[in-house]
Amino acid sequence: MKRLAVTALLAIGGATSAHAAGGRIESTTDVVSQAIVAATLVGVFAMLAADRVHRVLVPITAVAMLWLLTYFTPWKLISFETAKDAVDLNVILLLAAMMMLVGILKTTNVFPWAVDRLLERSKGNPSRAAVLIVWFTGVLSAILDNVTTVIFTYPMASEMARRLKINGSAFLLPMVMAANIGGTATLIGDPPNVLIGADPRTGLSFMDFIYHLTMPCTLMMFVLVWYARRYYPQDIGAPANRDHAEAARPTGAQLRNVRLLRWTCIVTAFIFAGFMTHSLTGMQVAVPAVIGVVVILLLEDFFYLREHKPTHDERRHGVLLVLEREVEWPTLFFFLFLFIVVGAAVATGLIGSLAAGLALAIDAMSGAMSLSPSGTLLLTALVILWVSGFLSALVDNIPYTAVTIPLVADLIRRLDAGPQSQVLWWALALGACLGGNGTLIGASANVTVTGLAERDGKRISFNEFTAFGAGVTLITLVISTAYLALWIYVGATMVNIVGAAILLAMAAWFTVRRGSTIV
């Protein structure tokens, strides 16, 4: 283990050593450079928590400072060329395309119509409506990526909260937590899982993720609903668990432009098929999203021009209207500059150093406690789980996962624990995905929902989000800890059988106890 830690440190240092190649400024990886980037990340976190300036200004300022230091001091933190590589264009284009798709759907009035149906089903009961939103979001996020999911579910959750006259956060925050938890259950639900599943060193299939992660994530969904009802008792808790016939009464919202809606649903189905088959086609998720949205925009223009004569103002209805009103540009800029800040942490070797420190910690603790092979494996899994959960709450989990995958692969080789060593991949997946619930900047879905809410006049502060999300993260990581321990000492098959029986019993008991309201 000591040899592993030293090797990891040397490899990280050597791979990112500062040198200029072909005019490109390479990042310096000395201690001072890493300390500056670490201080910058802490500063970003502190400014977001202080909530004194608009959150978009925080990463923009951080990037400006990093570039000033890069080009005018000896510390080369991140060049413009490296920054371009750090920006995840896949995420930016996916967000923009999905926002445009939702904007087109809004013109058909489908969201108020769907809210009428949901409120009828929930009988105007805020508690029951929250359960419907949480479970619908969680299940949808298991088959789509979590960002796409929240863009689709946000309009319905926001409208339901408005109609029921409750605090919007009581719907929106549990909804985004459900998206992150549901996305953890499958290979395609969350970007860290995509990275883990796509790496040939893991040897994991789509069904492996479902078999090993669905059970704990389902339990977490039950716990999320229980926690949310107690965190917001007056909005969706026991005091609010009453039917309101007036709120459930349909507003009479009617679908408009049904032909466009029908074609939009057909094209959207193809977009979703592209999402779910990306491991076969090699397409990043943004590719089918952009292609599909372009097709829908062309169809919208086609249907419009069949019924209206072209005029000077005619183009207001189409792509320009969608771009101006429906794309949340501040959110996209927040992501863009945040990617650059995190890219500096990767380029200077800061994240790599933290990952290598993981190996040193495991080596020291295992030796000090004289653990058995199974005990060492459990310790390694728990260190990966909790460190990943903590760091993913502070920085984007995508670069952290990318850097940690080779380290975990090396740990598996050194531990020589056979098939049981697969548990380390589940520890990494659970920690990286669930840790994103901890703070507003921990996951892309978090920033997306808060940005959409702010555009609609509902401001969710960094502290408000973290106060709720930190509790959810702590509970889900504790559940993950128990699951990993049972996985090692009891076996995955027995854990899944017993877990499924417990979940079925819980669902039956809560259904009988509260009618159609779960938990």
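Predicted model: local features only at pLDDT ≥ 70, side-chain atom pairs only at ≥ 80, totals over all residues.
Me: Let's start with the cysteines. How many disulfides are there here?

Reply: The idea is to look at how far apart the sulfur atoms are, and a pair has to lie within 2.5 Å to count. In this model the count is zero disulfides. Take C433, which is in no disulfide: the nearest cysteine sulfur belongs to C217 and sits 8.1 Å away.

Me: Is C433 buried or exposed?

Reply: Anything under 20% relative accessible area is called buried. C433 has 1%, so it is buried. C265, at 45%, is partly exposed.

Me: Now a helix. What does the span of helix 7 tell me?

Reply: You set the end-to-end distance against what 1.5 Å a residue would give. Helix 7 runs over residues 126-143, 18 residues in total, and its first and last C-alpha atoms are 26 Å apart, close to the expected 26 Å.

Me: What happens at the start of helix 7?

Reply: Check the side chain of N125 there. One of its oxygens comes within 2.9 Å of the backbone nitrogen of S127.

Me: Where does T264 sit, and which backbone oxygen does its side chain meet?

Reply: Start with the general idea: an α-helix has 3.6 residues a turn, so residues three or four places apart point the same way. T264 is in helix 14, residues 258-276. A polar atom of the T264 side chain lies 2.7 Å from the backbone oxygen of L260.

Me: Is T264 buried or exposed, and what does it touch?

Reply: T264 counts as buried, with 1% relative accessibility. Leaving aside residues up to four places away in sequence, T264 touches L101, I104, L105 and I296.

Me: Last topic, aromatics. How many aromatic pairs are there?

Reply: Eleven aromatic pairs in this model. For each one, read the distance between ring centres and then the angle between planes; over 60 degrees counts as edge-to-face. Y231 and F468 have centres 5.0 Å apart and planes at 75°, so that pair is edge-to-face.

Me: Which parts of the chain does that pair tie together?

Reply: Y231 is in helix 11 (residues 206-231) and F468 in helix 24 (residues 462-489), so the contact links parts 237 residues apart in sequence. Y231 is partly exposed at 33%, whereas F468 is buried at 0%. Both belong to one aromatic cluster, together with Y227 and Y232.

Conventions:
Residues numbered from 1 in each chain as written. Heavy atoms only, no water. Buried < 20%, exposed > 50% of the residue type's maximum accessible area, 1.4 Å probe, protein only. Helix = DSSP H or I, 4+ residues; strand = E, 2+ residues; numbered from the N terminus. Expected span 1.5 Å × (residues − 1). Polar contact = N/O pair within 3.5 Å; in protein donor to acceptor, adjacent residues only side chain to side chain. Phe/Tyr/Trp six-rings, centres within 6.5 Å; stacked < 30°, edge-to-face > 60°. Contact = heavy atoms within 4.5 Å.
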